[in-house]
Amino acid sequence: MIQTINSVFKAQQAHKYTLRNSNATQRINKLSALKSSIQAHEKEIYAALQSDLRKSEFESAITEIIFIYAEIDFAIKNLSDWMRPVKVGKTITALTAKNRIYYEPKGVCLIISPWNYPFQLLMAPLISAIAAGNCAILKPSELSSETSSIICRIIEKCFEESEVSCFEGDAELSTYLLSLPFDHIFFTGSTAVGKIVMEAAAKNLTSLTLELGGKSPTLIDETANLDTAASKIAWGKLTNAGQTCIAPDYILIHESLEQAFIEKYKSAVHQMFYTKSGELNLDSYAKIINKKHFNRIEALISDAVDKGAKIPFGGNGDDATQTITPTILTALPENANIMKEEIFGPVLPIITFKKIEEAISLINKMDKPLALYIFSQDKKRIQQVIKNTSAGGTCVNDVLIHISNPKLPFGGVNRSGLGSCHGQYGFKTFSHERAIVFQSKLEMSNLIYPPYEKKGWVL
Ligand code: NAD
(Lines give C-alpha, C1' and ligand atoms only; values in the text may rest on other atoms or scores of the structure.)
Protein backbone atom coordinates (compact mmCIF):
# COMPACT_ATOMS: atom_id res chain seq x y z
CA MET A 1 0.00 0.00 0.00
CA ILE A 2 2.90 2.38 0.78
CA GLN A 3 3.97 2.35 -2.89
CA THR A 4 0.42 3.19 -4.01
CA ILE A 5 0.20 6.02 -1.44
CA ASN A 6 3.53 7.41 -2.63
CA SER A 7 2.47 7.41 -6.26
CA VAL A 8 -0.95 8.95 -5.46
CA PHE A 9 0.73 11.62 -3.32
CA LYS A 10 3.13 12.42 -6.16
CA ALA A 11 0.29 12.56 -8.69
CA GLN A 12 -1.71 14.88 -6.42
CA GLN A 13 1.29 17.13 -5.86
CA ALA A 14 1.50 17.55 -9.66
CA HIS A 15 -2.27 17.93 -10.16
CA LYS A 16 -2.68 20.63 -7.49
CA TYR A 17 -1.26 23.23 -9.90
CA THR A 18 -4.06 22.51 -12.38
CA LEU A 19 -6.71 22.53 -9.65
CA ARG A 20 -5.61 25.88 -8.34
CA ASN A 21 -6.85 27.39 -11.60
CA SER A 22 -10.29 25.78 -11.33
CA ASN A 23 -13.21 28.20 -11.35
CA ALA A 24 -16.40 28.11 -9.27
CA THR A 25 -18.39 26.23 -11.93
CA GLN A 26 -15.80 23.47 -12.17
CA ARG A 27 -15.69 23.05 -8.40
CA ILE A 28 -19.49 23.12 -8.19
CA ASN A 29 -19.60 20.32 -10.78
CA LYS A 30 -17.30 18.24 -8.60
CA LEU A 31 -19.50 18.85 -5.53
CA SER A 32 -22.58 17.89 -7.54
CA ALA A 33 -20.85 14.70 -8.72
CA LEU A 34 -20.02 13.87 -5.11
CA LYS A 35 -23.66 14.43 -4.10
CA SER A 36 -24.91 12.20 -6.92
CA SER A 37 -22.48 9.46 -5.97
CA ILE A 38 -23.67 9.63 -2.33
CA GLN A 39 -27.30 9.53 -3.49
CA ALA A 40 -26.58 6.48 -5.61
CA HIS A 41 -25.08 4.69 -2.59
CA GLU A 42 -27.59 5.84 0.06
CA LYS A 43 -28.96 2.37 0.85
CA GLU A 44 -25.47 0.99 1.34
CA ILE A 45 -24.53 3.89 3.62
CA TYR A 46 -27.58 3.24 5.83
CA ALA A 47 -26.72 -0.48 5.95
CA ALA A 48 -23.10 0.27 6.84
CA LEU A 49 -24.06 2.65 9.67
CA GLN A 50 -26.51 0.06 10.98
CA SER A 51 -23.79 -2.56 10.93
CA ASP A 52 -21.03 -0.41 12.46
CA LEU A 53 -23.08 1.37 15.13
CA ARG A 54 -26.67 0.04 14.98
CA LYS A 55 -27.76 3.51 13.88
CA SER A 56 -31.39 3.64 12.81
CA GLU A 57 -32.14 4.93 9.33
CA PHE A 58 -33.76 8.07 10.74
CA GLU A 59 -30.80 8.87 13.01
CA SER A 60 -28.36 8.22 10.15
CA ALA A 61 -30.42 10.42 7.85
CA ILE A 62 -30.49 13.47 10.11
CA THR A 63 -27.05 13.22 11.69
CA GLU A 64 -25.03 11.96 8.73
CA ILE A 65 -26.58 11.98 5.26
CA ILE A 66 -29.00 14.96 5.15
CA PHE A 67 -26.38 16.87 7.11
CA ILE A 68 -23.92 16.30 4.26
CA TYR A 69 -26.43 17.15 1.52
CA ALA A 70 -27.08 20.44 3.34
CA GLU A 71 -23.33 21.16 3.55
CA ILE A 72 -22.89 20.43 -0.18
CA ASP A 73 -25.90 22.57 -1.16
CA PHE A 74 -24.70 25.44 1.01
CA ALA A 75 -21.24 25.33 -0.57
CA ILE A 76 -22.69 25.16 -4.10
CA LYS A 77 -24.94 28.16 -3.40
CA ASN A 78 -22.19 30.34 -1.90
CA LEU A 79 -18.98 29.21 -3.55
CA SER A 80 -18.76 32.04 -6.11
CA ASP A 81 -19.01 34.60 -3.29
CA TRP A 82 -16.48 32.80 -1.12
CA MET A 83 -13.96 32.58 -3.97
CA ARG A 84 -14.25 36.25 -4.92
CA PRO A 85 -11.18 38.28 -3.90
CA VAL A 86 -11.97 40.58 -0.98
CA LYS A 87 -11.24 44.30 -1.36
CA VAL A 88 -9.58 45.93 1.63
CA GLY A 89 -8.76 49.59 2.37
CA LYS A 90 -5.57 51.45 1.51
CA THR A 91 -2.72 52.57 3.78
CA ILE A 92 -0.40 55.55 3.57
CA THR A 93 2.37 53.26 2.21
CA ALA A 94 0.18 52.01 -0.64
CA LEU A 95 -2.17 54.91 -1.15
CA THR A 96 -2.54 54.46 -4.88
CA ALA A 97 -2.58 50.64 -4.86
CA LYS A 98 -5.46 48.17 -4.94
CA ASN A 99 -5.35 45.85 -1.91
CA ARG A 100 -6.97 42.41 -2.16
CA ILE A 101 -7.19 39.09 -0.36
CA TYR A 102 -7.15 36.05 -2.67
CA TYR A 103 -8.27 32.64 -1.45
CA GLU A 104 -5.80 30.18 -2.87
CA PRO A 105 -6.06 26.42 -2.33
CA LYS A 106 -3.69 24.95 0.25
CA GLY A 107 -2.75 22.16 -2.18
CA VAL A 108 -2.71 18.48 -1.19
CA CYS A 109 -4.61 17.86 2.05
CA LEU A 110 -4.83 14.88 4.39
CA ILE A 111 -8.18 14.22 6.10
CA ILE A 112 -8.22 11.71 8.98
CA SER A 113 -11.57 10.95 10.61
CA PRO A 114 -13.03 9.02 13.59
CA TRP A 115 -15.71 6.29 13.84
CA ASN A 116 -18.57 7.96 15.73
CA TYR A 117 -20.18 9.87 12.82
CA PRO A 118 -18.02 8.06 10.30
CA PHE A 119 -19.75 9.33 7.19
CA GLN A 120 -20.26 13.03 7.87
CA LEU A 121 -16.96 13.61 9.70
CA LEU A 122 -15.06 12.52 6.61
CA MET A 123 -17.38 14.09 4.04
CA ALA A 124 -17.82 17.55 5.65
CA PRO A 125 -14.10 18.47 5.52
CA LEU A 126 -13.84 16.89 2.07
CA ILE A 127 -16.60 19.19 0.79
CA SER A 128 -14.67 22.22 2.09
CA ALA A 129 -11.42 20.91 0.61
CA ILE A 130 -13.02 20.47 -2.84
CA ALA A 131 -14.78 23.85 -2.64
CA ALA A 132 -11.44 25.49 -1.90
CA GLY A 133 -9.81 23.77 -4.92
CA ASN A 134 -7.62 21.17 -3.21
CA CYS A 135 -6.54 17.59 -3.78
CA ALA A 136 -7.16 15.26 -0.84
CA ILE A 137 -6.11 11.94 0.60
CA LEU A 138 -8.70 10.46 2.98
CA LYS A 139 -8.15 8.07 5.89
CA PRO A 140 -11.46 7.08 7.52
CA SER A 141 -11.54 5.11 10.79
CA GLU A 142 -10.80 1.41 10.88
CA LEU A 143 -13.33 0.93 13.72
CA SER A 144 -16.30 1.81 11.50
CA SER A 145 -15.00 -0.42 8.72
CA GLU A 146 -18.26 -0.92 6.79
CA THR A 147 -18.82 2.83 6.46
CA SER A 148 -15.15 3.44 5.62
CA SER A 149 -15.33 0.94 2.82
CA ILE A 150 -18.46 2.48 1.28
CA ILE A 151 -16.88 5.97 1.56
CA CYS A 152 -13.87 4.74 -0.43
CA ARG A 153 -16.18 3.26 -3.10
CA ILE A 154 -18.13 6.54 -3.38
CA ILE A 155 -14.88 8.45 -3.86
CA GLU A 156 -13.51 6.01 -6.44
CA LYS A 157 -16.69 6.44 -8.50
CA CYS A 158 -16.46 10.21 -8.81
CA PHE A 159 -12.81 11.27 -8.54
CA GLU A 160 -9.53 10.47 -10.25
CA GLU A 161 -7.05 9.33 -7.60
CA SER A 162 -4.80 12.21 -8.61
CA GLU A 163 -7.51 14.48 -7.14
CA VAL A 164 -9.16 12.61 -4.24
CA SER A 165 -8.11 9.22 -2.99
CA CYS A 166 -9.23 7.13 -0.01
CA PHE A 167 -7.17 4.61 1.96
CA GLU A 168 -8.54 2.25 4.59
CA GLY A 169 -6.34 1.38 7.54
CA ASP A 170 -5.44 1.95 11.16
CA ALA A 171 -2.98 4.00 13.22
CA GLU A 172 -0.03 2.49 11.35
CA LEU A 173 -1.37 3.80 8.04
CA SER A 174 -2.13 7.20 9.65
CA THR A 175 1.43 7.34 10.96
CA TYR A 176 2.83 6.80 7.48
CA LEU A 177 0.49 9.37 5.92
CA LEU A 178 1.42 11.89 8.61
CA SER A 179 5.09 11.57 7.69
CA LEU A 180 4.40 12.99 4.19
CA PRO A 181 4.78 16.73 3.54
CA PHE A 182 1.08 17.55 3.02
CA ASP A 183 0.01 21.17 2.51
CA HIS A 184 -2.68 20.83 5.20
CA ILE A 185 -3.85 18.19 7.66
CA PHE A 186 -7.44 18.09 8.89
CA PHE A 187 -7.75 15.67 11.83
CA THR A 188 -10.91 14.75 13.73
CA GLY A 189 -10.47 12.46 16.74
CA SER A 190 -9.29 12.27 20.31
CA THR A 191 -7.20 14.88 22.10
CA ALA A 192 -4.50 12.26 22.75
CA VAL A 193 -4.07 11.42 19.05
CA GLY A 194 -4.44 15.13 18.20
CA LYS A 195 -1.15 15.73 20.03
CA ILE A 196 0.55 13.02 17.96
CA VAL A 197 -0.83 14.57 14.76
CA MET A 198 0.40 18.03 15.75
CA GLU A 199 3.89 16.69 16.45
CA ALA A 200 3.97 14.98 13.06
CA ALA A 201 2.73 18.14 11.31
CA ALA A 202 5.45 20.16 13.05
CA LYS A 203 8.17 18.04 11.37
CA ASN A 204 7.02 19.33 7.94
CA LEU A 205 5.63 22.65 9.23
CA THR A 206 2.29 21.59 7.75
CA SER A 207 -0.68 23.73 8.72
CA LEU A 208 -3.37 21.78 10.52
CA THR A 209 -6.89 21.77 11.85
CA LEU A 210 -7.67 19.67 14.91
CA GLU A 211 -11.30 18.79 15.70
CA LEU A 212 -10.93 17.08 19.07
CA GLY A 213 -13.05 15.99 22.01
CA GLY A 214 -13.31 16.61 25.73
CA LYS A 215 -15.87 16.92 28.50
CA SER A 216 -18.74 19.23 27.55
CA PRO A 217 -20.43 20.57 30.71
CA THR A 218 -24.17 21.24 30.86
CA LEU A 219 -25.19 23.80 33.39
CA ILE A 220 -28.73 24.03 34.80
CA ASP A 221 -29.49 26.92 37.13
CA GLU A 222 -32.46 27.35 39.46
CA THR A 223 -34.42 29.41 36.87
CA ALA A 224 -34.23 26.73 34.14
CA ASN A 225 -37.27 25.11 32.58
CA LEU A 226 -36.60 21.55 33.76
CA ASP A 227 -38.97 19.82 31.33
CA THR A 228 -37.19 21.40 28.37
CA ALA A 229 -33.76 20.75 29.87
CA ALA A 230 -34.51 17.09 30.64
CA SER A 231 -35.84 16.20 27.20
CA LYS A 232 -33.19 18.12 25.26
CA ILE A 233 -30.37 16.65 27.36
CA ALA A 234 -31.83 13.12 27.08
CA TRP A 235 -31.85 13.45 23.28
CA GLY A 236 -28.40 15.09 23.11
CA LYS A 237 -26.79 12.64 25.51
CA LEU A 238 -28.28 9.45 24.09
CA THR A 239 -28.19 10.11 20.35
CA ASN A 240 -25.61 7.59 19.10
CA ALA A 241 -25.58 6.22 22.69
CA GLY A 242 -23.53 9.17 23.92
CA GLN A 243 -20.78 8.65 21.33
CA THR A 244 -20.99 12.27 20.15
CA CYS A 245 -18.11 14.73 20.49
CA ILE A 246 -20.48 17.50 21.63
CA ALA A 247 -22.79 15.32 23.78
CA PRO A 248 -23.52 16.82 27.21
CA ASP A 249 -20.79 15.02 29.16
CA TYR A 250 -21.87 15.87 32.71
CA ILE A 251 -24.49 18.02 34.45
CA LEU A 252 -23.85 20.88 36.85
CA ILE A 253 -27.18 21.62 38.50
CA HIS A 254 -28.42 23.84 41.31
CA GLU A 255 -28.78 21.54 44.32
CA SER A 256 -32.48 22.38 44.76
CA LEU A 257 -33.31 20.83 41.36
CA GLU A 258 -31.31 17.61 41.38
CA GLN A 259 -34.10 15.20 42.34
CA ALA A 260 -36.69 16.80 40.08
CA PHE A 261 -34.25 16.75 37.15
CA ILE A 262 -33.47 13.05 37.68
CA GLU A 263 -37.19 12.19 37.56
CA LYS A 264 -37.81 14.28 34.44
CA TYR A 265 -34.70 12.90 32.71
CA LYS A 266 -35.81 9.31 33.43
CA SER A 267 -39.25 10.04 32.07
CA ALA A 268 -37.87 11.74 28.91
CA VAL A 269 -35.49 8.82 28.34
CA HIS A 270 -38.33 6.32 28.71
CA GLN A 271 -40.45 8.20 26.21
CA MET A 272 -37.67 8.37 23.62
CA PHE A 273 -35.70 5.15 24.05
CA TYR A 274 -37.90 2.53 25.76
CA THR A 275 -40.89 0.53 24.50
CA LYS A 276 -44.29 0.75 26.19
CA SER A 277 -43.54 -2.54 27.95
CA GLY A 278 -40.38 -1.01 29.47
CA GLU A 279 -37.72 -2.62 27.25
CA LEU A 280 -34.84 -0.56 25.85
CA ASN A 281 -35.78 -0.03 22.18
CA LEU A 282 -32.70 -1.16 20.28
CA ASP A 283 -34.17 0.14 17.02
CA SER A 284 -33.65 3.70 18.27
CA TYR A 285 -30.57 3.22 20.42
CA ALA A 286 -27.06 2.75 19.01
CA LYS A 287 -24.59 0.17 20.25
CA ILE A 288 -21.17 0.93 21.70
CA ILE A 289 -18.70 0.77 18.81
CA ASN A 290 -16.61 -2.16 20.09
CA LYS A 291 -15.78 -4.35 23.07
CA LYS A 292 -12.86 -2.16 24.14
CA HIS A 293 -15.06 0.95 24.47
CA PHE A 294 -17.88 -1.12 26.06
CA ASN A 295 -15.43 -2.33 28.75
CA ARG A 296 -14.00 1.18 29.17
CA ILE A 297 -17.43 2.67 29.90
CA GLU A 298 -18.36 -0.18 32.26
CA ALA A 299 -15.06 0.36 34.08
CA LEU A 300 -15.84 4.09 34.49
CA ILE A 301 -19.19 3.22 36.12
CA SER A 302 -17.64 0.58 38.45
CA ASP A 303 -14.79 2.89 39.45
CA ALA A 304 -17.26 5.66 40.40
CA VAL A 305 -19.47 3.26 42.35
CA ASP A 306 -16.47 1.69 44.13
CA LYS A 307 -15.50 5.20 45.26
CA GLY A 308 -19.00 5.96 46.62
CA ALA A 309 -21.13 7.23 43.68
CA LYS A 310 -24.82 6.25 43.44
CA ILE A 311 -26.75 5.00 40.38
CA PRO A 312 -30.33 6.30 40.55
CA PHE A 313 -31.00 5.16 36.96
CA GLY A 314 -29.63 2.45 34.65
CA GLY A 315 -26.12 1.11 35.09
CA ASN A 316 -26.56 -2.12 33.12
CA GLY A 317 -24.54 -3.39 30.22
CA ASP A 318 -25.30 -6.21 27.80
CA ASP A 319 -22.18 -7.78 26.33
CA ALA A 320 -24.01 -9.64 23.57
CA THR A 321 -25.55 -6.52 22.01
CA GLN A 322 -22.76 -4.15 23.13
CA THR A 323 -25.39 -1.98 24.77
CA ILE A 324 -25.12 0.12 27.92
CA THR A 325 -28.43 1.38 29.28
CA PRO A 326 -28.96 5.11 29.82
CA THR A 327 -27.34 5.73 33.19
CA ILE A 328 -27.20 8.49 35.81
CA LEU A 329 -24.46 8.78 38.43
CA THR A 330 -24.80 11.02 41.49
CA ALA A 331 -22.80 11.70 44.68
CA LEU A 332 -19.61 11.59 42.64
CA PRO A 333 -16.36 11.55 44.58
CA GLU A 334 -13.77 14.04 43.32
CA ASN A 335 -11.32 11.31 42.39
CA ALA A 336 -13.76 9.38 40.14
CA ASN A 337 -12.12 8.57 36.80
CA ILE A 338 -15.33 9.48 34.99
CA MET A 339 -14.63 13.16 35.72
CA LYS A 340 -11.11 12.88 34.34
CA GLU A 341 -11.83 11.69 30.80
CA GLU A 342 -14.42 12.19 28.06
CA ILE A 343 -17.18 9.64 28.73
CA PHE A 344 -18.28 9.01 25.11
CA GLY A 345 -21.13 6.77 26.28
CA PRO A 346 -24.67 6.99 27.72
CA VAL A 347 -23.60 7.75 31.31
CA LEU A 348 -24.59 11.11 32.80
CA PRO A 349 -22.82 12.22 36.00
CA ILE A 350 -24.70 14.88 37.97
CA ILE A 351 -22.83 17.35 40.16
CA THR A 352 -24.68 19.91 42.28
CA PHE A 353 -23.77 23.50 43.16
CA LYS A 354 -25.11 26.11 45.57
CA LYS A 355 -23.79 29.21 43.81
CA ILE A 356 -23.19 29.72 40.09
CA GLU A 357 -19.59 30.81 40.82
CA GLU A 358 -18.83 27.27 42.09
CA ALA A 359 -20.03 25.81 38.80
CA ILE A 360 -18.03 28.33 36.76
CA SER A 361 -14.93 27.61 38.79
CA LEU A 362 -15.31 23.83 38.26
CA ILE A 363 -15.69 24.34 34.50
CA ASN A 364 -12.57 26.52 34.43
CA LYS A 365 -10.51 23.94 36.34
CA MET A 366 -10.99 21.50 33.46
CA ASP A 367 -9.74 21.76 29.84
CA LYS A 368 -11.67 24.23 27.67
CA PRO A 369 -14.54 22.11 26.34
CA LEU A 370 -15.72 21.58 22.77
CA ALA A 371 -19.24 22.60 23.84
CA LEU A 372 -20.80 24.18 26.91
CA TYR A 373 -24.57 24.17 27.39
CA ILE A 374 -26.53 26.53 29.63
CA PHE A 375 -30.13 26.01 30.74
CA SER A 376 -31.40 29.17 32.41
CA GLN A 377 -34.09 31.83 32.01
CA ASP A 378 -31.95 34.51 33.65
CA LYS A 379 -30.36 36.66 30.92
CA LYS A 380 -27.74 38.18 33.23
CA ARG A 381 -26.76 34.75 34.53
CA ILE A 382 -26.42 33.42 30.98
CA GLN A 383 -24.07 36.31 30.08
CA GLN A 384 -22.14 35.77 33.31
CA VAL A 385 -21.49 32.13 32.37
CA ILE A 386 -20.60 32.95 28.74
CA LYS A 387 -18.20 35.75 29.75
CA ASN A 388 -16.46 33.80 32.51
CA THR A 389 -15.85 30.54 30.64
CA SER A 390 -14.36 29.44 27.31
CA ALA A 391 -15.67 26.73 24.96
CA GLY A 392 -15.58 25.80 21.29
CA GLY A 393 -19.32 26.51 21.01
CA THR A 394 -22.35 27.04 23.23
CA CYS A 395 -26.11 26.52 23.07
CA VAL A 396 -28.36 28.35 25.51
CA ASN A 397 -31.45 26.29 26.40
CA ASP A 398 -30.57 23.62 23.86
CA VAL A 399 -27.86 21.11 23.00
CA LEU A 400 -25.97 19.97 19.86
CA ILE A 401 -27.85 22.18 17.37
CA HIS A 402 -25.05 24.71 16.86
CA ILE A 403 -23.29 22.05 14.76
CA SER A 404 -26.13 22.05 12.23
CA ASN A 405 -25.86 25.71 11.17
CA PRO A 406 -23.20 26.08 8.43
CA LYS A 407 -23.21 29.84 9.04
CA LEU A 408 -21.58 29.21 12.44
CA PRO A 409 -17.95 28.14 12.83
CA PHE A 410 -17.62 24.68 14.37
CA GLY A 411 -14.50 23.80 16.33
CA GLY A 412 -12.82 23.58 19.69
CA VAL A 413 -10.38 25.71 21.64
CA ASN A 414 -6.95 24.59 22.90
CA ARG A 415 -7.30 20.96 24.04
CA SER A 416 -10.70 20.58 22.36
CA GLY A 417 -9.38 21.73 19.00
CA LEU A 418 -7.67 24.19 16.73
CA GLY A 419 -9.38 25.92 13.80
CA SER A 420 -12.90 25.47 12.53
CA CYS A 421 -15.04 23.85 9.86
CA HIS A 422 -18.41 24.04 8.04
CA GLY A 423 -19.60 26.45 5.38
CA GLN A 424 -17.32 29.40 4.68
CA TYR A 425 -15.23 28.57 7.78
CA GLY A 426 -14.39 25.20 6.19
CA PHE A 427 -13.62 26.91 2.86
CA LYS A 428 -11.21 29.29 4.64
CA THR A 429 -9.63 26.42 6.58
CA PHE A 430 -8.64 24.78 3.30
CA SER A 431 -7.54 28.08 1.70
CA HIS A 432 -4.55 30.32 2.18
CA GLU A 433 -5.57 33.97 2.55
CA ARG A 434 -3.03 35.57 0.26
CA ALA A 435 -2.42 39.32 0.55
CA ILE A 436 -2.02 40.94 -2.86
CA VAL A 437 -1.17 44.56 -3.59
CA PHE A 438 -1.63 45.80 -7.18
CA GLN A 439 0.47 48.93 -7.43
CA SER A 440 -0.69 51.68 -9.79
CA LYS A 441 1.34 53.78 -12.18
CA LEU A 442 0.74 56.75 -9.93
CA GLU A 443 2.60 55.18 -7.05
CA MET A 444 4.32 57.49 -4.57
CA SER A 445 7.01 55.18 -3.13
CA ASN A 446 9.63 57.82 -3.86
CA LEU A 447 8.33 59.60 -0.81
CA ILE A 448 9.87 56.98 1.48
CA TYR A 449 13.01 56.01 -0.45
CA PRO A 450 16.39 57.31 0.74
CA PRO A 451 18.16 59.66 0.93
CA TYR A 452 16.16 60.66 4.01
CA GLU A 453 17.43 64.21 4.50
CA LYS A 454 14.66 66.75 4.00
CA LYS A 455 11.96 63.99 4.14
CA GLY A 456 10.89 64.72 7.71
CA TRP A 457 7.76 66.47 6.38
CA VAL A 458 6.36 63.07 5.21
CA LEU A 459 5.94 62.03 8.85
P1 NAD B 1 -8.98 8.49 17.64
O2 NAD B 1 -8.18 9.70 17.92
O3 NAD B 1 -8.66 7.24 18.35
O4 NAD B 1 -8.91 8.13 16.06
C5 NAD B 1 -9.19 9.08 15.06
C6 NAD B 1 -8.43 8.71 13.80
O7 NAD B 1 -7.03 8.72 14.08
C8 NAD B 1 -8.74 7.34 13.23
O9 NAD B 1 -8.81 7.40 11.83
C10 NAD B 1 -7.55 6.49 13.67
O11 NAD B 1 -7.23 5.44 12.79
C12 NAD B 1 -6.43 7.49 13.74
N13 NAD B 1 -5.43 7.17 14.76
C14 NAD B 1 -5.61 6.46 15.91
N15 NAD B 1 -4.46 6.39 16.61
C16 NAD B 1 -3.54 7.07 15.89
C17 NAD B 1 -2.14 7.32 16.07
N18 NAD B 1 -1.49 6.88 17.14
N19 NAD B 1 -1.50 8.04 15.13
C20 NAD B 1 -2.15 8.50 14.05
N21 NAD B 1 -3.46 8.26 13.81
C22 NAD B 1 -4.15 7.55 14.70
O23 NAD B 1 -10.51 8.93 17.86
P24 NAD B 1 -11.81 8.03 17.76
O25 NAD B 1 -11.84 7.08 18.91
O26 NAD B 1 -11.92 7.48 16.40
O27 NAD B 1 -12.95 9.14 17.93
C28 NAD B 1 -13.42 9.58 19.15
C29 NAD B 1 -12.81 10.92 19.52
O30 NAD B 1 -12.99 11.86 18.48
C31 NAD B 1 -13.48 11.53 20.74
O32 NAD B 1 -12.51 12.12 21.55
C33 NAD B 1 -14.40 12.59 20.15
O34 NAD B 1 -14.73 13.64 21.04
C35 NAD B 1 -13.57 13.06 19.01
N36 NAD B 1 -14.42 13.67 18.01
C37 NAD B 1 -14.32 15.01 17.78
C38 NAD B 1 -15.16 15.62 16.87
C39 NAD B 1 -15.10 17.09 16.59
O40 NAD B 1 -15.72 17.52 15.61
N41 NAD B 1 -14.43 17.90 17.38
C42 NAD B 1 -16.10 14.86 16.18
C43 NAD B 1 -16.16 13.50 16.45
C44 NAD B 1 -15.31 12.91 17.35
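Start by selecting strand 3 (residues 108-112) and strand 4: they run parallel and are joined by five bridges. Strands here are DSSP runs of E with at least two residues, helices are runs of H or I with at least four, and both are numbered from the N terminus; two strands pair if DSSP finds at least two bridges between them. Before going on, note that this is a predicted model, where local features need pLDDT of at least 70, side-chain atom pairs count only at pLDDT 80 or more, and totals for chains, interfaces and linings use all residues. Residues are numbered from 1 along each chain as its sequence is written.

Click Ile 112 and you'll find its bridge partner, Lys 139, in strand 4.

Is it buried or exposed? Five of its five residues are buried, so the rest of the structure largely encloses it. (Buried means 20 or more other C-beta atoms within 10 Å of a residue's own, with C-beta atoms placed from the backbone.) Cys 135, Ile 137 and Lys 139 cover one side, while Ala 136 and Leu 138 sit on the other.

Last stop: Glu 211, in strand 7 (residues 207-211). UniProt lists Glu 211 as "active site" in an unreviewed entry, and such annotations may be inferred rather than shown by experiment. Glu 211 is buried, with 26 other C-beta atoms within 10 Å.

Conventions: A residue is buried if 20 or more other C-beta atoms lie within 10 Å of its own, exposed if 12 or fewer, and partly exposed in between; C-beta atoms are placed from the backbone.
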